[in-house]
Amino acid sequence: HTSIYNAVNAGLFTEPVKIGVRSVGWPDNEVEALCAARIAGLSDDQIRGLVNTLHSKRAERLAALMA
């Protein structure tokens, strides 16, 4: 848990999604995108940009569902 939350705090992993009273998870597409970015050798700054993009897409999907 600690390494994931350290990555979240460093902007290198997306924020978790609450899925229960004491449970969180991450959308599989976000995890896959971040793993692929690491495998491709993207820099930390590039991954931070990807995290921002993934958060934006998450917000867009939520807005579309709420409309």
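These questions and answers walk through a predicted model of one chain.

Residues are numbered from 1 along each chain as its sequence is written, and side-chain values use heavy atoms, with hydrogens and water left out. Local features need pLDDT of at least 70 and side-chain atom pairs count only at pLDDT 80 or more, while totals for chains, interfaces and linings use all residues.

Colleague: What pattern does the chain follow, read along the sequence?

Modeller: Helices (H or I, at least four residues) and strands (E, at least two) are DSSP runs, numbered from the N terminus. The chain has three helices and two strands. Read in sequence order, the pattern is α-β-β-α-α.

Colleague: How many aromatic pairs are there?

Modeller: Rings of Phe, Tyr and Trp (its six-membered ring) pair if their centres lie within 6.5 Å; planes under 30 degrees apart count as stacked, over 60 as edge-to-face and the rest as tilted. By this rule the count is two.

Colleague: Is the pair of Tyr 5 and Trp 26 stacked, edge-to-face or tilted, and which parts of the chain does the pair link?

Modeller: The rings sit 6.2 Å centre to centre, with 55° between the planes, and the pair is tilted. The two residues are 21 apart in the chain. Tyr 5 belongs to helix H1 (residues 2-9), and Trp 26 to the loop between strand E2 (23-25) and helix H2 (28-39).

Colleague: Is Trp 26 buried, exposed or partly exposed?

Modeller: Buried means under 20% relative accessible area, exposed over 50%, partly exposed in between (1.4 Å probe, protein chains only). The relative accessible area of Trp 26 is 23%, so Trp 26 is partly exposed.

Colleague: Why is the pair of Phe 13 and Trp 26 classed as it is?

Modeller: The ring centres of Phe 13 and Trp 26 are 5.8 Å apart. Their planes stand at 75°, so the pair is edge-to-face.

Colleague: Where does Phe 13 lie, and is Phe 13 buried or exposed?

Modeller: Phe 13 is in the loop between H1 and strand E1 (17-20), 13 residues from Trp 26. Tyr 5, Phe 13 and Trp 26 form one aromatic cluster. With a relative accessible area of 17%, Phe 13 is buried.

Colleague: Which side chain is joined to that of Thr 14 by a polar contact?

Modeller: Thr 14 lies in the loop between H1 and E1. Thr 14 is buried, at 0% relative accessible area. A polar contact is a pair of N or O atoms within 3.5 Å; within protein, one must be able to donate a hydrogen and the other to accept it, and residues adjacent in sequence count only if both atoms are side-chain atoms. At 2.9 Å, the partner is Glu 30.

Colleague: Which residues is Thr 14 in contact with, leaving aside neighbours within four places in sequence?

Modeller: Contact means heavy atoms within 4.5 Å. The partners are Val 8, Trp 26, Glu 30, Leu 34, Val 51, Leu 54, His 55 and Arg 58.

Colleague: Is Asp 28 buried or exposed?

Modeller: Asp 28 is found in helix H2. The C-alpha atoms of Asp 28 and Gln 46 are separated by 20 Å. At 57% relative accessibility, Asp 28 counts as exposed.

Colleague: How much of the chain counts as buried?

Modeller: The C-alpha trace spans about 35 × 25 × 15 Å along its principal axes. The chain has 67 residues. The share that counts as buried is 18%.
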